[in-house]
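Here is a short briefing on one protein structure. Look at the sequence and the model first, then read the points below.

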Amino acid sequence: LAWIVAGAAGVAAGGFAVAFFLRAPVAPAPVRFSIAAPLGLRSMGSPKISPDGRNIAFSAADTVGKVQLWIRALDSDEPRPLTGTDGAGRPFWSPDSRFLAFFSEGKLKKIAIAGGPAQTICDAPGGADGSWGRGGVILFDGSVSDSLRKVSAAGGMPGAATTIDRSQTETGHAWPYFLPDGRHFLYIAMANTPEQGALKIGSLDSDKSVRIPGEFSRAEYALPGYLLFVRGGALMAQALDAGSQKLSGEPFPVADEVNGEVNGNADFSASRNGVLAFRSGRGAGTSRFIWFDRSGKELGTVGTAGDYGEGILSPDGARLAMTIKDARSGTEDIWIRDLARGVTSRFTFDPAIDIWPVWSPDGNWIAFASNRGGAFAVYRKPSSGVGDEERLYSAEGQLGPIDWSKDGSVIICLYFSGTTRWDIMYGPSSGGKEPTPFLVTQFNERSAHLSPDGRWLAYDSNESGRPEVFVQAFPGPGGKWQISTDGGRDPSWRADGKELLYIALNGKMMSVDIEASGGEVRAAVPRVLFQAPLLVQSSADKRYAVTADGERFLFTSPMSREGIAPIRMVLNWTAELTKR
């Protein structure tokens, strides 16, 4: 009997063992946690998780305004800055997770995360975002009205990867992301309005594209086969067959409160193995206006925290015209702050995007750019806020004001087209005729500002391969002189015309003494004033305002570390897909 009982028990134990090892494995549940901004940072860009899910990269600015890339390993408590990435923005990973590509000083560069010097891949003066495919090809978007560019990751001359379909109201292509085969890629076809834009799938082997129906942000493809995008503040997923390039089923939310912008950008990133990183809360108070003296000493703040764009002082210095982004709609409007009374009033109310305010010399008018009619055009309105907006002029591309001559007769405009990119035009302040081209070249000319006597135009151009500040006779003919010596952007004149200020490519505020007489301009050696407290990834043409005497500077500055939204992480996010 004992042997029989023992045998039966052995058979039962064996059965239990077989059942134990043959049972279906239990998928790990999703794990959620947050990563706070490192100590000593004032602003932080979008997180980018490596394809193997082991590291997060992001661009960040420290308390003195130095911008560089940082890396945080998920199995480490502390992030580390990546030496050799000064001024870097918009990082993206190599397929093997060993390298980061990024944009800096008008170049597309790459660097090994294990260490070593950065290597230049190609010129990319307008580069904003990119994707690195398995076949060793990098895609990047050149500018807001350009097609996607492609270049070998080993380096070379970039070429066009897509063709803009103007017949379908397309104005440019942006936000590329390679599919797993390394040949096909997702991208956004931009249009005059966000509603007209579209998500498409392109190919390195053809100029044909497939339109994906629906309204999307920047999108990524995540295994085992999902399209990730942001809609209405939520990160959404929808099944996508990468082979047939077709969606199926209904989109469903993966995470709430994920930051998305009108231009299609969205703060999320996914790895190949189920790791998800995203940010939320940006736009609720991530920047502020701060006064600095010529030594870089902080003098005080203006107003409360917000999501601010450019801030422009009125000619008498009593008011500040500024753009503020609405956190819910993502659109921007112009507001005016009375600096003495501390009162801020809304100036534009149209649901379109209203940006780039410019004061008339008497302070009675504000010119601005708006896309309320489709493409951006130049409008003006009494600065009192009483009265209607008046459309002054438009162009075939995008047009916006950047300066107003001191005699009140001329408005300087920046113009963007799909052929010559950023150019400079000017038109009468009363409107009535089309703007006149001043600088229309194959290079980018931006940040144009007239000297107080109206004879000289300061601007930056990338004709040398990187942005440099120039002064040229206006409206011409006449000479041209390079003012910066090691790269520069955003020139501004002191009210007496004897000093030109600009921001170097390393973020330093620079000063150059100017002497202009007859038909000549003589510039002294540029000298450093202080490190500018710039927002990460800001490419605005009006990143600071300066008082008439050149003694005080007003910057749209990032908040302290406490104002930076943390990175939110989800491990094994695909585990929840089995519930659907």
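On strand 24, Val275, Ala277 and Arg279 point one way, while Leu276 and Phe278 point the other way, and all are buried. Buried means under 20% relative accessible area, exposed means over 50%, and partly exposed lies in between (1.4 Å probe, protein chains only). Strands (E, at least two residues) are DSSP runs, numbered from the N terminus.

This is a predicted model: local features need pLDDT of at least 70, side-chain atom pairs count only at pLDDT 80 or more, and totals for chains, interfaces and linings use all residues. Residues are numbered from 1 along each chain as its sequence is written, and side-chain values use heavy atoms, with hydrogens and water left out.

**Strand 24 and its partners**

- Strand 24 covers residues 275-279, and five of its five residues are buried.
- Strand 24 pairs with strand 23 (residues 268-270) in the antiparallel sense over three bridges. Two strands pair if DSSP finds at least two bridges between them.
- Phenylalanine 268 stands opposite phenylalanine 278 of strand 24.
- The hairpin of strand 23 and strand 24 has four residues between the strands, and glycine 274 there takes a positive phi near 85°.
- Strand 24 also pairs with strand 50 (residues 567-571), in the antiparallel sense over five bridges.
- Leucine 276 stands opposite valine 570 in strand 50.

**Salt bridges**

- Side chains of opposite charge can pair when their charged atoms come close.
- The count comes to 22 salt bridges, each a side-chain nitrogen of Lys or Arg within 4 Å of a carboxyl oxygen of Asp or Glu.
- Arginine 294 forms a salt bridge with glutamate 499, with the closest N and O atoms 2.8 Å apart. This pair links distant parts of the chain, 205 residues apart: arginine 294 is in the loop between strand 25 (287-293) and strand 26 (298-306), and glutamate 499 is in strand 44 (residues 499-503).
- Arginine 294 is buried at 18% relative accessible area, and glutamate 499 is buried at 0%.
- Arginine 527 forms a salt bridge with aspartate 513, with the closest N and O atoms 3.4 Å apart. Arginine 527 lies in strand 47 (residues 527-531) and aspartate 513 in strand 45 (residues 508-517).
- Arginine 527 is partly exposed at 34%, and aspartate 513 is partly exposed at 35%.
- Salt bridges that share partners join Arg294, Arg494, Asp496, Glu499, Asp513 and Arg527 into one network.

**Cysteines**

- A search of the whole structure finds zero disulfides, a disulfide being a pair of cysteine sulfur atoms within 2.5 Å.
- Cysteine 122 is buried at 5% relative accessible area, and cysteine 413 is buried at 0%.
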